[in-house]
Amino acid sequence: MSMMNGGPAATSALDAVDYDPIDHINLLFSRPAAISSISRVSETLQNHQNALSDDISALETAQAYGPDSSLERMQSAQAELAQLFRKIETVRSRAIETEQNITSMTADIKRLDGTKKNLTLSMTALKRLQMLTTAYEQLRGLSKTRQYRECAGLLQAVLQLMKHFNSYRSIEQIATLSRGVSELQRELLEQICEDFEMAFAKGEVGARRGMLVEACLVMDALGDSAKSRLMTWYVNTELREYRQVFRGNDEAGSLDNIGRRYAWFKRMVKTHDDEHAMIFPPHWRANETLATAFCDGTRDDFKGILERLMRRTDTQKIDVNLLLSCLQETLDFEQSLEKRFATSSRASIDTLSSVEEKTNSFHGLISLAFEPYLSLWVDSQDKALAAMIPKYRSQPLIPPDEEFSPQSVITSAIELFHFYKLTLAQCAKLSTGARLLDLSKSLAKYLDEYAQQVLLHRLQSGGPQGPAIQDVIMVLNTADFWHTNTCQLEESIKKRIDSDLASKVDLSSQSDAFLGVASASVLALVRTVEVECESVWREMRNTNWSTMESVVDQSSYVGELVKHVSDKTAEILGVVSKPQYARAFCDNLVDHLAAAYINSIVQCRPISEVGAEQMLLDKYVLTKAFERLLLHHASFASQDTPPSGFVKRVQQCMNRLDPLLKTLQVRPSPPEGLVQAYLIHIADRSDTNFKKMLDLKGVRKMDQAHLVELFGIHRDGTPNDKLVASSPLLGPLMVSTGLGSGGAGGSSMISPTAAALSLTGSSGGPRFEAGSLGEKLLSAARDISQSSGAGTGPSGLEKATINENLRNFGKFFKRDIGSLGARFGKRDDEGQR
């Protein structure tokens, strides 16, 4: 209650730092009976508030108007600031007064310094004027007596002194003197030019040589324009005879007599060196100026001659051999000038300007006239290459006196490569611009022709058995040779051609085309093994697989197949030099053998459950045998086990037959077991494929309807994500014409390529396209070979198609060989470790 009355407890609670009004109210009205004291508590709080307000007002009044109030302190600070500003103003006024006193004290000294400076300038100007006048008079006298050595020194002094009076030309006497100096310069120029003309006209160069040498010193002092005038006259005088002889006479000026032009220049330069060179100062480079003028005139002459020859309508147009001979002679002449006037011998060490002066380059100074006409030479090289391809197509791969070796390359490839090297080197000497780019395009075109008409043509020789193994190996080695050297050829052209054209040089498609030929060669080697194994597959198809009662370790045909494949593979890998091609051959061989195996399975229908089990055992034996094929190559002969990457590849390829054979092992009764086995192993939703499986098992047509209906019921009850639309294994069978009964019916056989596609991965994979492309490539090449043999060459469209197929095949094979390198190197070794 004391709190309600405003006692000490209430005051203490209100003054607390952590005062909480809610707690205070709860304390005041802790009981319901305390509600009646609300008015009394409110009145007490109001009185306390009023008391606090009175205390605050009293304290504010005391602070504002007391003896030590804030107002008094502010007024005191303002008074002190005003006093400080007055002191600053006093100091500033005293500083100005001091400055004025010092200025008045030093004014006389400054006036005396100015007077002294003006007097010195006046004395210097008068002295220079006296020197200028004296030198001018002496120069006039010396010029009349042709004392040019003294004139040169005086002239330099006069011109140097005259520069000091350029600002005084408003004075009449100075203007008159300036005009006199300019007139004297003109007189000296004309006089010296006249002396040169008289000396050369009368043949008195030797007698007046000393005077002419001194006259050149004066021309040096007169400046660049005077020197240029004298040199122009000298060049025109020396080349006058050349222009009269070779421009005024069609016979002398023809391309046939280009050697006479250069011989004349050499005689003229010898005369210059013997009689005239010592007249001109070395830094004038008179001999180089003379050579440059000769080159400029000769280039203009050649341009006119070539333009007239190109406009002629008769048969006497430009002879390409003559054009090339003239250009080569011109390039040799330019090179001799470059050696004679080397930059190191031109630079003088006496002045900085002579070192920094830009020197002439004679490269292309004359030969530039031939540049537009080099396309004729490029056309002639194109015609030469066009004639070489048919010759290479018909000649033997190696000369009769040479023996085959696993590293042998077709002789024509070596010849063509040397021709390319010589042609490029020759063109690079003639032009590094557009003509070199045109030549590179022509060379690229005939690389494509060589790949098509020579290499692919060889792969189609030999009739149904195919070409000999040695021929295929030589084609493979040649394709690899050109694949490597085409890239180097491209880099060589890019180094020589102008930098702005380097990006347009591209032989990558040709390199890919040769890699495509290499891949086609590998397929031809695989075909050789397939031909060897045809009798074994025939034996397998002749076996009655529907009545087989028990299984054995392996069928009779398996041993023969392993022997044929191993022997032929050993023969082939014995002459394959590079490991990556050996691996590519083995990979493709396993693919095709697996394809042949599934073809034989299709033709062996009907197949009983025991027969399917026997086939599965045979597949296991073949897989183990195929895994060791790569050990026949020399690079792997020292290993006890084959590379792990190849083993994995063989297993992956052969194991894809397991779903088919395991499904064939299941009896058709009960039917639910066969349907479940199909959905587990084949795992597709295709009724057509299921019917093919029933045909392979020999299920009668009348019994198939119930099985197909049951298959549909179980298929619809299986989640869609577990089944594909059509199995890649059975899908290729859709191309067959029928699956009738019989052991050797050919109508049901699918293509090896289609079967290989079903074994090497899911549909749409890159290896599928490569396999199909390889077959199409060989077929198209065979057609071209037949059309050529019939007397009708391949059309442009056929060539373009083959080119595109070769490049695409090569790009795939490049990808595949790149991965083979990893298999041969890192992955296989790691797997063995």
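## Packing of helices H16 and H18

Helices H16 and H18 run roughly parallel to each other, because the angle between them falls under the 35 degrees that counts as roughly parallel. In this predicted model, helix H16 spans residues 434-459 and helix H18 spans residues 508-532. The two pack at an angle of about 5 degrees, and their axes lie 10 Å apart.

Helix H16 contributes Ala444, Leu447, Asp448, Tyr450, Ala451, Leu455, Leu456 and Leu459 to the contact. From helix H18 come Gln510, Ala513, Phe514, Val517, Ala520, Ser521 and Ala524.

## The nonpolar core

The largest nonpolar core has 198 residues. Within this core, the residues that touch the most other members are Phe196, Phe280, Tyr450, Trp482 and Phe585. Tyr450 also belongs to the H16 side of the contact with H18.

Phe280 is in contact with Phe196, Cys216, Leu230, Met231, Tyr234, His272 and Ala286, when neighbours within four places in sequence are left aside.

## Aromatic pairs and a cluster

The structure holds 28 aromatic pairs. One of them joins Tyr678 and Phe690 in an edge-to-face arrangement, with 5.1 Å from centre to centre and 85 degrees between the planes. This pair links distant parts of the chain: Tyr678 is in helix H25 (residues 671-681) and Phe690 is in helix H26 (residues 687-697), 12 residues apart. Both Tyr678 and Phe690 are buried.

Elsewhere, one aromatic cluster is formed by Tyr242, Phe246, Tyr262, Trp264, Phe265, Phe294 and Phe333.

## Backbone features in loops

Most residues other than glycine have a negative phi, and most peptide bonds are trans. The bond from Arg605 to Pro606 is cis, with omega near 0 degrees, and Pro606 lies in the loop between helix H21 (579-603) and helix H22 (609-626). The bond from Ser669 to Pro670 is also cis, again with omega near 0 degrees; Pro670 is placed in the loop between helix H24 (658-664) and H25.

Positive phi values occur at Arg285, near 50 degrees, and at Ala683, about 55 degrees; neither residue is a glycine. Arg285 is located in the loop between helix H9 (258-276) and helix H10 (286-311). Its relative accessibility is 15%, under the 20% limit, so Arg285 counts as buried. Ala683 sits in the loop between H25 and H26. With 17% relative accessibility, Ala683 therefore counts as buried.

Technical notes:
Residues are numbered from 1 along each chain as its sequence is written. This is a predicted model: local features need pLDDT of at least 70, side-chain atom pairs count only at pLDDT 80 or more; totals for chains, interfaces and linings use all residues. Side-chain values use heavy atoms; hydrogens and water are left out. A nonpolar core is a set of buried Ala, Val, Leu, Ile, Met, Phe, Trp, Tyr and Cys residues joined through side-chain atoms within 4.5 Å. Buried means under 20% relative accessible area, exposed over 50%, partly exposed in between (1.4 Å probe, protein chains only). Contact means heavy atoms within 4.5 Å. Rings of Phe, Tyr and Trp (its six-membered ring) pair if their centres lie within 6.5 Å; planes under 30 degrees apart count as stacked, over 60 as edge-to-face and the rest as tilted. Helices (H or I, at least four residues) and strands (E, at least two) are DSSP runs, numbered from the N terminus. Axes are lines fitted to C-alpha atoms, for helices over the stretch in contact, and angles run from 0 to 180 degrees between N-to-C directions. Angles under 35 degrees count as roughly parallel, over 145 as roughly antiparallel, 65 to 115 as roughly perpendicular and the rest as oblique.
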